[in-house]
Amino acid sequence: MSENLGTFIKNVCHKYKKDKTRLMDIACEVQEQFGCVSGKAMDLIAGEISIHRVEVENLVSFYAFLSKEPKGKIVIRLCNDIIDELNGAEEVAKAFSEELGIKVGQTTADGKITLEYTPCIGMCDQAPAAMVNDVIVTNLNSDKARKIAHSIKKHGDPSKLSAPLGDGNNANELVLSMVNNNIRQKGEVIFARHEQGAGLTKALSLSPVEVIRDIKTARLRGRGGAGFPTGMKWEFARQATGTNRYVICNADEGEPGTFKDRVILTECPDLMFEGMTIAGYAIGSETGILYLRGEYAYLRAFLEKILSNRRKNGMLGKDVGGKKGFNFDIRIQMGAGAYICGEETALISSCEGLRGDPKTRPPFPAQKGYLASPTTVNNVETFCCVARILDKGAPWFTEIGSQGSPSTKLLSVSGDCKKPGVYEVPFGIKVSDLLKMVGAEDTAAVQVGGPSGQMIGPADFKRTICYDDLATGGSIMIFNSTRDVLRIASKFMEFFVEESCGYCTPCRTGNVLLKERLDRIIAGKGEPSDLDYLQELGESVKVSSRCGMGQTSPNPVLSTLKNFRGQYEKLTKRSKDGLMQSFDIKAAIADAEAIAGRPSEKFSLNS
Amino acid sequence: MDKPKVATTSLAGCFGCHMSILDIDDRILKLIELVDFDKSPVDDIKNFTGQCAIGIIEGGCCNEENVHVLQEFRKHCNILIACGDCATMGGIPAMRNNIPLKECIDEAYKNSPSVYNPKNITPNDKELPLLLNKVYPCQEVVKIDYFLPGCPPSADTIWQALVALLNNKPLDLPYKLIKYD
Amino acid sequence: MSDNITFTIDGVEVKARHGETIIEAADRAGIYIPRLCYMKDLIPHGSCRVCTVMVNGRPQAACTQPVVQGIVVENNTPAMQKHRRNLIDMLFVEGNHFCMFCEKSGNCELQAMAYRFGIPAPKYPYMFPDKDIDASHPDIFIDRNRCILCGRCVSASRDVDGKTAFEFAGRGPHKKIAVNAEANLGDTNAEASDKAMSVCPVGALMKKRIGFAVPIGSRKYDTKPIGSEIESSTRK
């Protein structure tokens, strides 16, 4: 085995030219082959690529899909985000657990199957869902879970699980997935019919500066959530000094409730790659990277094929599109389970073979990004917009949508509605109109922009979705009046606690404290003063966190405090006699009662 | 007018903070001009005789008896001061807080190298208060009004705090009197 | 190089050099911006966030933010002091800080910062996490109960000692200092004479057989608050 390990690692490191910036890929391959990156493996990898062993551990211990301890040959990862939970994920977990004879978080005694939870895998429109290695299984219930468990125990082959196949390219021979696209509404920009390559051809007929000018005229802003003007980003990257420049596509769609990039990657990857190529031309780059979240590994072979077709057709490689001197190619970088890698500087760290810690800014990626070179990182949908703008022109683009937010936006709609799925709508759509469109009734709350966005109540349903009002990277989660908004907020805080990189104090610890106090209130043990405590703590986390994730992580608490204050007030009460409601004497003496085998004299039943 | 009353107690502490109270030296004569001591080890009064102006708590809560006493103090004292690191953060007893209770008890009565316990008995009389799952700082059990850190807080710290609070002045300790050791 | 950039901190005009960070310029001007992870001559880590200041109304870490002509910096304001106090409280409750028997007490920067802010007790509940101690090395020990994850030892070992004896492992609340060996510091090439062994702001990375060498009363922060060395320096 260890000789085996040694040879394997030697070969893998050789394949990546002993390049330490490819540590992520090396570690992923070792994990896949051996079910872990053991201490021994860390030593061997460090030796091969001339780094320190603790640097390998630094990376391996960061990503959820990598582990030092051995995992099963098959890993079942149950999505436990709020939408899956409301659709019965707990029942599904129970069924898996019973059928496999292990608890969530454990591996079967024969070492073959591991069962664990994972945050949102981008399948909220067909929840509950799970990953079985790279294979996605959707619309689960306990019967399905038992059948799946039975099947993998018998065959040990997850690929047998993908029946029936999903719609569109999900049935492509390189995808073969049961995932459905659920495209509910096509708009004029992303899902409209278009001539392949028209945008790139047009771009190559212009100068790079003219391309950037068109993007600026179109007032295109980032579709990932932050909304930074794309043209400006490109201009900075173009003007920055450096010999190499890089274009990175952020396909680390990790915001719970977002899955529109999954659909683009499945149905319009060429449009996205075309946009990346245009970006390469505009900023003067020869290398693009598609950072694909580990959860979407089932699309990798398909995307690799698209890339190789583009190379064959002269759309990538040397003299792209016949343009002399414009050389550009794209590689895929796989992620390995870390929400924070959706943050652009963390994503760059990950591409460099490091743990996904955000980088210190300044310098900004446009000045010093990937490998300290000027880099632009844009969202999947943004690149699609780019290709369409070049094809149809900036005026066409700005005519759609609202004044401040031109064009359309893809929304990933999930939760309590009849038609969950992807909607391409013009910016400026009212929340109430959207709710009607998706068949949502009795709606009590809408989470706009995922956990890092805000939760709004009916009083805000007349507001509009656009950059100037309710901004969103696409996530729209709908909750009806039977749902408990504070429990949902707590679930979101749990997500941030788990996904914090731990670099800075407020995000690492403040979120744990926010969740503790919120849960205390939910348990009916909060005091009125806890509301001010949460507000102040949330503001400190917001103000002092180092990156965008930390700065938005208290939003589940802050936005419910603002929009659902009554729910908090209902649950809190002033303590009598200055005794803390949160102190639970029964729980505190339970262990001792069990050990001593006698009940408490002082705090028995009547106290 | 009656003098205001002060009560003190030592919960899961070492009485070091009480030693520090006594360490105010001759100022203790001034103190008894200012206040009467109610329930306190200083005068050995076991039960509250009435409402007190100030209660001084040494030690955190490691067992049910501590909780009971602390709750009694909260009921009988207008102002509660957590005095010393054990009261404010659990202190040395809280070092057991990440060890399961059973392990702690077995270590104390069975496994520790210095134990002589030929019959292997773990004391379990009804009179013995049950231990809590961990040691709780006082503010997690009742509302605490003021904190005096230190192990122990210096006599000057305690003196200044008492004088300020008895005269309805804000408690503003100078740099040299806020210490955690 | 000349001081050709001017900006203000709490309304006071400060001169700075191109390429300096706000904290460097403030230090030279005798204005103290509270900080914990920052240490002169090491690459700023920007993780404790205690030095967060408002720069033209936006929060930035003073240790990593470069000076720009004309910026308006808010440092010693009630709002920033409140956030700082909350960060200090967080650092106390996320670890196990038993000052009463810690060899670093009196010389500890975390403790000193709490003293400077006049904190009698943290407002957050103690977490009492389960952390370990590595005493495997003959001359040094790591007490992870006290570590505030400032990254100074990581940077000093990598950038000054050229050893990379330390790195972070894990993420979120589980993040911790790891050593360049399977488990034990004793199996690394770390030595007591390394720069890394003299940079820890708290009592997490300590040399053995020193203990409580300096008596109470004579320790670094017994009588003078942390930062007073900067505030008392001559203003240039």
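Reader: Which strand does β10(A) run antiparallel to, and how many bridges join them?

Author: Six bridges join β10(A) to strand β11 of chain A, residues 421-426, and the two run antiparallel. Strands here are DSSP runs (E, at least two residues) and helices are DSSP runs (H or I, at least four), both numbered from the N terminus, and two strands pair if DSSP finds at least two bridges between them. This is a predicted model, in which local features need pLDDT of at least 70 and side-chain atom pairs count only at pLDDT 80 or more, while totals for chains, interfaces and linings use all residues. Residues are numbered from 1 along each chain as its sequence is written, and chains are lettered from A and ligands numbered from 1 in the order in which they are written.

Reader: What do β10(A) and β11(A) form, and what stands opposite Lys409(A)?

Author: They form a hairpin with five residues between the two strands, and Lys409(A) stands opposite Val425(A) in β11(A).

Reader: Which strand runs parallel to β10(A), then?

Author: That is β16 of chain A, residues 475-480, joined to β10(A) by four bridges. On that side Gly415(A) stands opposite Ile478(A).

Reader: And how many of the residues of β10(A) are buried?

Author: Eight of the eight residues in β10(A), which spans 408-415, are buried. A residue counts as buried if 20 or more other C-beta atoms lie within 10 Å of its own, as exposed if 12 or fewer do, and as partly exposed in between, with the C-beta atoms placed from the backbone.

Reader: Changing topic, is Thr376(A) buried or exposed?

Author: Thr376(A) is buried, because 29 other C-beta atoms lie within 10 Å. Thr376(A) lies in strand β9 of chain A, residues 375-379.

Reader: What does Thr376(A) touch, leaving out residues up to four places away in sequence?

Author: With that exclusion, Thr376(A) touches Lys233(A), Trp234(A), Ala237(A), Val247(A), Ala279(A), Ile283(A) and Ala366(A). Contact means that the C-beta atoms of two residues, placed from the backbone, lie within 7 Å. The C-alpha atoms of Thr376(A) and Gly280(A), which are 96 residues apart along the chain, are separated by 9.2 Å.

Reader: How many residues of chain C are in contact with chain A, and which element gives the largest share?

Author: The contact takes 30 residues from chain C and 31 residues from chain A. The elements of chain C that each supply at least two residues to that side are α2 (78-94), β8 (166-169) and β9 (176-179), and the largest share, six residues, comes from α2(C). By class, that side of chain C has 14 nonpolar, 10 polar and six charged residues. Nonpolar covers Ala, Val, Leu, Ile, Met, Phe, Trp, Tyr, Cys and Pro, charged covers Asp, Glu, Lys and Arg, and the others, Gly among them, are polar.

Reader: How many residues meet between chain C and chain B?

Author: There, 17 residues of chain C and 22 residues of chain B take part, and the side of chain C that touches chain B has 11 nonpolar, five polar and one charged residues.

Reader: What scores does the model have?

Author: The model scores ipTM 0.97 and pTM 0.97. For chain C, the mean pLDDT (the predictor's confidence in each residue, from 0 to 100) is 96, and 98% of its residues reach 70 or more.

Reader: What is phi of Asn139(A), and of Asp319(A)?

Author: Phi of Asn139(A) is near 45°, a positive value in a residue other than glycine, and phi of Asp319(A) is near 45° as well. Most residues other than glycine have a negative phi, and most peptide bonds are trans. Asn139(A) sits in the loop between β4 (135-137) and α7 (142-155) of chain A, and Asn139(A) is partly exposed because 14 other C-beta atoms lie within 10 Å. Asp319(A) is in the loop between α13 (300-312) and β8 (329-334) of chain A, and Asp319(A) counts as exposed because it has 12 C-beta neighbours inside 10 Å.
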